[in-house]
Amino acid sequence: MQTRAFATQSPTTKFGPHVIDRRAPGLQDVAIEILFCGVCHSDLHTARGEWPGTKYPCVPGHEIVGKVMAVGAKVTKFKSGQLVGVGCMVDSCRVCDSCQEGLEQYCNGPIGCTGTYNGAFGSSDNTYGGYSAAITVDQHFVLAINHAEKNLAAVAPLLCAGITTWSPLRHWKAGPGKKVGVVGIGGLGHMGVKLSHALGARTVAFTTSPGKVDEIKRLGADDMVISKDEKQMAAHANSFDLIVNTVAVPHNLDAYVALLKRDGTMVLVGAPASPHPSPAVFPLVFKRRAIAGSMIGGIPETQEMLDFCAKHNIVSDIELIRMQDIETAYARMLKSDVKYRFSIDMASLKT
Ligand code: NAP
Ligand code: ZN
Ligand code: ZN
């Protein structure tokens, strides 16, 4: 199926219209008309070749929501017309320990999990993501969306920003009685604040943007800290059970390690193109503090997060854009000038 898309041809080429081929649905496949797709900072890292291994043409987009157009004969979970989502993965080995536990993102199979874009699938050496009009995905990697259709553009970012913060919040047991910090209030971070608050944790937001201060409280933060202000930082020393760090550039981690209490953990989800300065050892050793990492989330926990959000009326705060405005969106994202996620209206691909 010839499908309209937007692609970039090299790290320095501007995005432009491109036609890709989508497979007709096989027995287990769901063919989806893409209605909206969120713009993740990982799209930018990949499109601009900031991480190793980008394959061109590159069609990013892994915060996909849309409507089922057709299903294969063996598809039991979905039917035509249903609202569905696709996140960061479209395949994995299904048999390794991680896959069996529903943690497909950590697949130990020969090629690991297959990214929705920039991955290899079947006979194709590149996968194309959600900056496109349609996608065909195995039912195992399709999520059911139970939000109202009118909220769909704002549901899209849950498929990456939502699950990437939900997964560590759940794994490290954010909830009543816990104090949780979220560093960097962009796409991931604003979802981290909303989800941590909804899970009942005392939630503190760390931002470098004074212009976001008033709104961050509205997102559900109990307190907020301008992270460049050492006095404000010091007021929270030794107090956090968990800090989720979403920042996309290298920075001094020690400033946050000092805010963890004994046995506290800072989870890095931000994935800068070059490493953070190495953290100091003694602040970790003396209080048995940990620095960990976490990648997106498995399919069962993604569905759990979507259902939780539907029940609690949680969506992302978005700015709706046309596909043609993607370069401007990237430029603004780099300046932390988005509240808090761009969502692309795929109807614009037809114009
Ligand atoms: P984003 O919307 O650009 O948000 C990043 C935020 O970091 C900014 O809004 C800003 O928040 C803060 N920030 C920016 N520059 C900073 C600086 N120089 N110093 C300190 N803070 C700064 O990006 P995103 O889409 O949330 O993604 C964040 C990172 O997570 C990216 O590296 C992305 O690739 C990665 N990611 C990882 C996973 C995973 O599975 N681990 C999944 C998705 C994305 P303030 O204005 O509040 O300071
Ligand atoms: Zn993402
Ligand atoms: Zn596997």
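Because the model is predicted, local features need pLDDT of at least 70 and side-chain atom pairs count only at pLDDT 80 or more, whereas totals for chains, interfaces and linings use all residues. Residues are numbered from 1 along each chain as its sequence is written, chains are lettered from A and ligands numbered from 1 in the order in which they are written, and side-chain values use heavy atoms, with hydrogens and water left out.

**Exercise 1. Describe the overall build of the chain.**

Begin with the secondary structure: the chain has 11 helices and 17 strands, where helices (H or I, at least four residues) and strands (E, at least two) are DSSP runs, numbered from the N terminus. Its radius of gyration, taken over C-alpha atoms, is 20 Å, close to the 20 Å that the globule rule (2.2 Å times the number of residues to the power 0.38) gives for 351 residues, so the chain is as compact as a globular protein of that length.

Next, consider the dimensions and the interior. The C-alpha trace spans about 60 × 40 × 40 Å along its principal axes, and buried residues make up 56% of the 351 residues; buried means under 20% relative accessible area, exposed over 50%, and partly exposed in between (1.4 Å probe, protein chains only).

Finally, turn to contacts, meaning heavy atoms within 4.5 Å. Of the contacts with a separation of 6 or more, 68% are between residues 24 or more positions apart.

**Exercise 2. Work out which residues hold the zinc ion (ligand 2), and where they lie in the chain.**

Look for donors, which are N, O and S atoms within 2.8 Å of the metal (3.2 Å for Na, K and Ca); water is not among the atoms, so sites may look incomplete. The zinc ion (ligand 2) is coordinated by Cys 40 (SG), His 62 (NE2) and Cys 160 (SG), at 2.0 to 2.3 Å, and along the chain these donors follow the spacing C-x21-H-x97-C.

The site links distant parts of the chain, as His 62 lies in the loop between α1 (41–47) and β4, and Cys 160, 98 residues apart from it, in the loop between α3 (152–155) and α4 (161–171). His 62 is buried, with a relative accessible area of 8%, and Cys 160 also counts as buried, at 4%.

**Exercise 3. Determine the geometry of the zinc ion (ligand 3) and the exposure of two of its donor residues.**

The coordinating atoms are the SG atoms of Cys 93, Cys 96, Cys 99 and Cys 107, at 2.3 to 2.4 Å. Angles of 102 to 119 degrees among the 4 donor atoms make the site tetrahedral, a label given to four donors if all angles lie between 85 and 135 degrees.

In sequence, the donor residues are spaced C-x2-C-x2-C-x7-C. Cys 93, in the loop between β6 (89–91) and α2 (97–100), and Cys 107, in the loop between α2 and β7 (114–115), are 14 residues apart.

**Exercise 4. Decide how far helix α4 is enclosed, and by what.**

Count the buried positions: 9 of the 11 residues of α4 are buried, so this helix is largely enclosed by the rest of the structure. The buried residues include Ile 163, Trp 166 and Leu 169, and the elements covering the buried residues of α4 include β10 (179–183), α5 (187–198), β13 (240–245) and α10 (299–311). Just after α4, Lys 173 takes a positive phi of about 60 degrees.

Conventions: Four donors count as tetrahedral if all angles lie between 85 and 135 degrees; four count as square planar and six as octahedral if opposite donors are over 155 degrees apart and all others between 65 and 115; anything else is irregular.
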